[in-house]
Amino acid sequence: MNNKMLYHIGFSKADLGEFPPEIALLSGDPQRANFIAQTHLQNVQLLSENRGLHSYLGDLPNGKKILSATSGMGAPSLSIVVNELVQVGIQKIIRIGTCGSIQPYISVGSIVISKGALCRQGAANDIAPVEYPATADPFLTVALVKAAQELKIEHYLGITASVDTFYEGQERTDSANPYLIRSLNGITEEYRRLNILNYEMEAGMLFKMAGVYNFAATAVCAVVAQRTMSEDVILSKKDLAINNAILTAICAAANI
Ligand SMILES: O=P(O)(O)O[C@H]1O[C@H](CO)[C@@H](O)[C@H]1O
Ligand SMILES: O=c1cc[nH]c(=O)[nH]1
């Protein structure tokens, strides 16, 4: 570890000041990283906007330093960002994402906290063998659950399916691709029966990296689609769901 500027995230350890943060809140969407910083942090400093990977340094209301950063979409982009965040000293990562529920009882607007992931992500095989477990840090995960309980936010704790594609990999047929390969036909129903709660595209990679690099990670995702009913993202409830995930992560971060 040194003070070199990291090529993709666009800042160095030295930019994090005398008391650098241990925790990063990691959003797929740069606008979410910005919103978290502007709405929930104090003394906010923009670190970089390189390649749309917006990163902000700020303080939680209790004074704890924290990063709000962007992973981009999918495992390859997340792997680059997380590698560089660890190089600048980050030791705990909470992914704040969006997801599609695949269980009929998990509605849009609620949140899913991942205790582990089925990792169907090609890039993750560069980190560890396919059999390597993609598990969340138990302490960070319990902190998320306690926060959701305290805030009275509807939440579900369980296993997430992390896949590489939003359309084919999540068995969407309302797309430009007229053909879904046979191995993906029926995959959502199979996962539903295997007690998997939701689809998203980063947690599995994050959890495998955490195991191999030896940092702590967890994930909370806003439910923005209900895949037992429709393939669509429900835009009218998206902000509510995302706010629920953010509030939960901020409260948990203050307590870890
Ligand atoms: O909202 P984010 O954090 O990007 O997460 C989800 O949204 C994207 C797809 O729309 C994927 O990155 C998926 O994991
Ligand atoms: O259905 C969804 C919604 C958000 N993100 C996903 O990956 N899938």
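The largest pocket in this predicted model has a volume of about 450 Å³. It is lined by 22 residues, and the closest to its centre are Arg32, Met73, Thr98, Cys99 and Phe166. By class, that lining divides into ten nonpolar, five polar and seven charged residues.

Where does the lining of the largest pocket come from? Helix H1 (30-40), strands E5, E8 and E9, and helix H6 (235-254) each supply at least two residues. E5 gives the most, with five.

Now the ligand. Ligand 2 sits in this largest pocket. The residues around ligand 2 are Thr98, Cys99, Gly100, Phe166, Gln170, Arg172, Tyr199, Glu200, Met201, Val224 and Ala225. Taken alone, ligand 2 exposes 240 Å², and the protein buries 93% of that.

Glutamine 170 has a side-chain N or O atom 2.8 Å from a nitrogen atom of ligand 2. For arginine 172, a side-chain N or O atom is 2.7 Å from an oxygen atom of the ligand.

The shell around ligand 2 consists of six nonpolar, three polar and two charged residues. Strands E5 (92-101), E8 (196-200) and E9 (216-226) each supply at least two of the shell residues. The largest share, three residues, comes from E5.

Last, the second largest pocket. About 180 Å³ of space lies in it. Its lining is Asp29, Gln31, Arg32, Phe35, Lys238, Asp239, Ile242 and Asn243. Two of the lining residues are nonpolar, two polar and four charged.

Methods
Residues are numbered from 1 along each chain as its sequence is written. Chains are lettered from A and ligands numbered from 1 in the order in which they are written. This is a predicted model: local features need pLDDT of at least 70, side-chain atom pairs count only at pLDDT 80 or more; totals for chains, interfaces and linings use all residues. Side-chain values use heavy atoms; hydrogens and water are left out. A residue is near a molecule or strand if one of its heavy atoms lies within 4 Å of it. A polar contact is a pair of N or O atoms within 3.5 Å; within protein, one must be able to donate a hydrogen and the other to accept it, and residues adjacent in sequence count only if both atoms are side-chain atoms. Accessible areas come from the Shrake-Rupley method with a 1.4 Å probe; for residues, only the protein chains shown count as cover. On a 1 Å grid over the protein atoms alone, a cavity is a set of points where a 1.4 Å probe fits but cannot get out, and a pocket is an open set with protein on both sides within 12 Å along at least five of seven lines; lining residues have an atom within 4 Å of a point. A molecule sits in a cavity or pocket if more than half of its atoms lie within 2 Å of its grid points. Helices (H or I, at least four residues) and strands (E, at least two) are DSSP runs, numbered from the N terminus. Ala, Val, Leu, Ile, Met, Phe, Trp, Tyr, Cys and Pro count as nonpolar, Asp, Glu, Lys and Arg as charged, and the others, Gly among them, as polar. Grid points are joined across faces, edges and corners, and a volume is the space filled by probe spheres set on the points.
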